[in-house]
Amino acid sequence: MNAIWLSLKEKGSCASKMTELAWLPEKMVRRKSTATSPPPQMEELHENNELTDGHYYNITNTFRELGIGDPSRNIVEMIFRASSTNPKKCTRKIKRVLKVNNSVDTLAEFEKYRENVMKSSYKMHHRHHPRNIVDGNELLQFYGTTMICCCNNSYKTEQISQLCRDPSCRVCRVVQSGFKTCYNTKNGVRVSVNSEQMSEDKTVISKGKKKVKRAVIVCRTIAGRVVEDEQEECDSVGIGLCRFKSMILRNPAAVLPCFVIVFD
């Protein structure tokens, strides 16, 4: 699966440095986020109380829907099934696959975070974890949530290209905010090696909506130094026995969304 993912990254603009999908921890420098004034469209959403997370970011990420038969879609579906709870008998029906077109600012923030992790790791001389110095310990991970706008009548026959304005559509709100939602700010960004595991609490993802589809965001993550004890100084907290099945990233800048898979 590692080779498949690398070839997919090279074809798309999900970009650059991942060498392995292995768990090897390391360390980083935490960066304070800099507040930016909201763009006009965010101010409009604020006035209409359409955003419930209280965050307004000048992020211009968009989607590009991959049609059935698209080579990139085939690879993404293969990765999804191989990482499911039961890879040999995955019965999930994939409805849509969206490629996230990340803005220049989003990519720059992700790469700057990686550089901070690498520099910090080098200074701390973590000889036992060379991956942190090489690429910040980049891993392929999944962020399980829900999507609502894909169920709207206007989208059933049309391709999705823009983020919607529905405050209950978790995929659009997460991608729009760069994972800096109220839930993630409070609890950290939880990602998993399992493509079917939910990353958010059920009370957060449903919001009483009936037309909701399960969705997972395929992400590149900079794990940095991973530990089991959240009291330790680290970049990520691992969850699960032996090779961690999930982890909580302490900085949202460590996550870059690449693809969104909507499924039943």
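Guide: A residue is called buried when its relative accessible area is under 20%, and exposed when that area is over 50%. The structure shown is a predicted model.

Visitor: Is Phe80 buried or exposed?

Guide: The cut-off for a buried residue is a relative accessible area under 20%. Phe80 has a relative accessible area of 0%, so the residue is buried.

Visitor: What share of the chain do buried residues make up?

Guide: The chain has 264 residues, and nine helices and nine strands are found in it. Its accessible surface comes to about 13000 Å², with 52% belonging to carbon and sulfur atoms. The share of the residues that is buried is 50%.

Visitor: How many aromatic pairs does a search of the whole structure find, and what is the geometry of the pair of Phe80 and Phe263?

Guide: The search finds two aromatic pairs. In the pair of Phe80 and Phe263, the ring centres are 5.0 Å apart. Planes under 30 degrees apart would count as stacked and over 60 as edge-to-face. The planes here stand at 50°, so the pair is tilted.

Visitor: How many residues apart in sequence are the parts that Phe80 and Phe263 tie together?

Guide: Phe263 is buried, with a relative accessible area of 1%. Phe80 belongs to helix H3 (residues 71-82) and Phe263 to strand E9, so their pair joins parts whose separation in sequence is 183 residues.

Visitor: Which geometry does the pair of Tyr143 and Phe179 have?

Guide: Both Tyr143 and Phe179 are buried. Their ring centres lie 5.2 Å from one another, and with 85° between the planes the pair is edge-to-face.

Visitor: How many residues apart in sequence are the parts tied together by Tyr143 and Phe179?

Guide: Tyr143 is part of strand E3. Phe179 sits in the loop between H7 and helix H8 (182-187), so this pair links parts separated in sequence by 36 residues.

Visitor: How many residues form the largest nonpolar core?

Guide: Among the members that touch the most others are Tyr143, Phe179, Phe63 and Met147. Elements that each supply at least two residues include strand E3 (138-147), helix H7 (170-177) and strand E9 (255-263).

Visitor: How many residues are in the second, separate core?

Guide: The second core includes Leu66, Ile75, Ile94 and Val218. Its number of residues is 16.

Conventions: Residues are numbered from 1 along each chain as its sequence is written. This is a predicted model: local features need pLDDT of at least 70, side-chain atom pairs count only at pLDDT 80 or more; totals for chains, interfaces and linings use all residues. Side-chain values use heavy atoms; hydrogens and water are left out. A nonpolar core is a set of buried Ala, Val, Leu, Ile, Met, Phe, Trp, Tyr and Cys residues joined through side-chain atoms within 4.5 Å. Buried means under 20% relative accessible area, exposed over 50%, partly exposed in between (1.4 Å probe, protein chains only). Helices (H or I, at least four residues) and strands (E, at least two) are DSSP runs, numbered from the N terminus. Accessible areas come from the Shrake-Rupley method with a 1.4 Å probe; for residues, only the protein chains shown count as cover. Rings of Phe, Tyr and Trp (its six-membered ring) pair if their centres lie within 6.5 Å; planes under 30 degrees apart count as stacked, over 60 as edge-to-face and the rest as tilted.
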